[in-house]
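Subject: Structure for you to look at

Hello,

Please find the structure below. My notes on it follow.

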Amino acid sequence: MTIETVGVVGAGQMGNGIAHVLALAGYEVRLNDISQDSLDAAIARIAKNMDRQVSRDAITQTERDTAMGLISTTMKLPELGATDLIIEAASENEALKKQIFDGLLPHLKPDTILTSNTSSISITRLASGTDRPERFMGFHFMNPVPLMQLVELIRGIATDEPTFNACLGVVERLGKTAASAEDFPAFIVNRILMPMINEAVYTLYEGVGSVKSIDTSLKLGANHPMGPLELADFIGLDTCLAIMNVLHDGLADTKYRPCPLLTKYVEAGWLGRKSKRGFYDYRGDEPVPTR
């Protein structure tokens, strides 16, 4: 299975990062979103990030220009059908993801591989709604994509070996490292990371520590590069809550119960950096704890 063209669905934080690394690796990338403004913003973000790489001598100006020339954008989902591989990177919402795959199916080549960048949703369940469960996988990049070295590759129950090997080849061509994960809720990274973040929110909720003291404790006491509440804001509190709900529903264990304070922040629309408020307020020159 030779992969040279890749369709990316979703031009947000993950989608533009995925398009960025694919293009630098020489893949022809078609980036799709329902909003032209989002597509324009994604291209601008990719160009800015590549310019930063040029300034640090991580890539050459020629490599930057060649990569940018490999990325095209479209608001028409069917135009991704002719690609060899599709990576869905829409919001962490199962109904939305199923809708996207339904829209793609009539336009796909027989051998197109479908993948999802989901961080928690069942790959087997997503694959079962398509006409090619054997050519369907989880392809989970870490955020921010250009900087993080890990990609989780998740087989559904029907995923065949050629599909896995083809996706593994893409990861290797990107210069990243693959970790093979089984299809259980939240896979490896988020199965471990999200309960830690949720416990940090419980620690705040119960008044054991403030936002600042919790983050400082984990940064200096556990040598974490970012505190758990700061990290939650970076990921998006709505995404954290969605993953905790998947864990709680999928494993039926009370230890995965989302903290009520996390739910309250999401209900308030305080989703972290992307909404300018979360456990920190980002509207000023410096982030200020909100509790």
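Strand β7 and strand β8 (residues 177-181) pair in the parallel sense over 5 bridges. Here two strands count as paired if DSSP finds at least two bridges between them. Helices (H or I, at least four residues) and strands (E, at least two) are DSSP runs, numbered from the N terminus. In this pairing, V151 stands opposite A178 in β8.

This is a predicted model, in which local features need pLDDT of at least 70 and side-chain atom pairs count only at pLDDT 80 or more, while totals for chains, interfaces and linings use all residues. Residues are numbered from 1 along each chain as its sequence is written, and side-chain values use heavy atoms, with hydrogens and water left out.

β7 is also joined to strand β6 (residues 136-141), by 5 bridges, and these two run antiparallel. The partner of H140 in β7 is E152.

I157 is exposed, because its relative accessible area is 79%; exposed means over 50%, buried under 20% and partly exposed in between (1.4 Å probe, protein chains only). The C-alpha atoms of I157 and D183 are 7.7 Å apart, although 26 residues separate them along the chain.

Elsewhere, strand β4 (residues 85-88) runs parallel to β5, with 4 bridges joining them. I87 stands opposite T115 in β5. Strand β5 (residues 113-116) is covered on both faces: I113 and T115 on one side are buried, as are L114 and S116 on the other.

Regards
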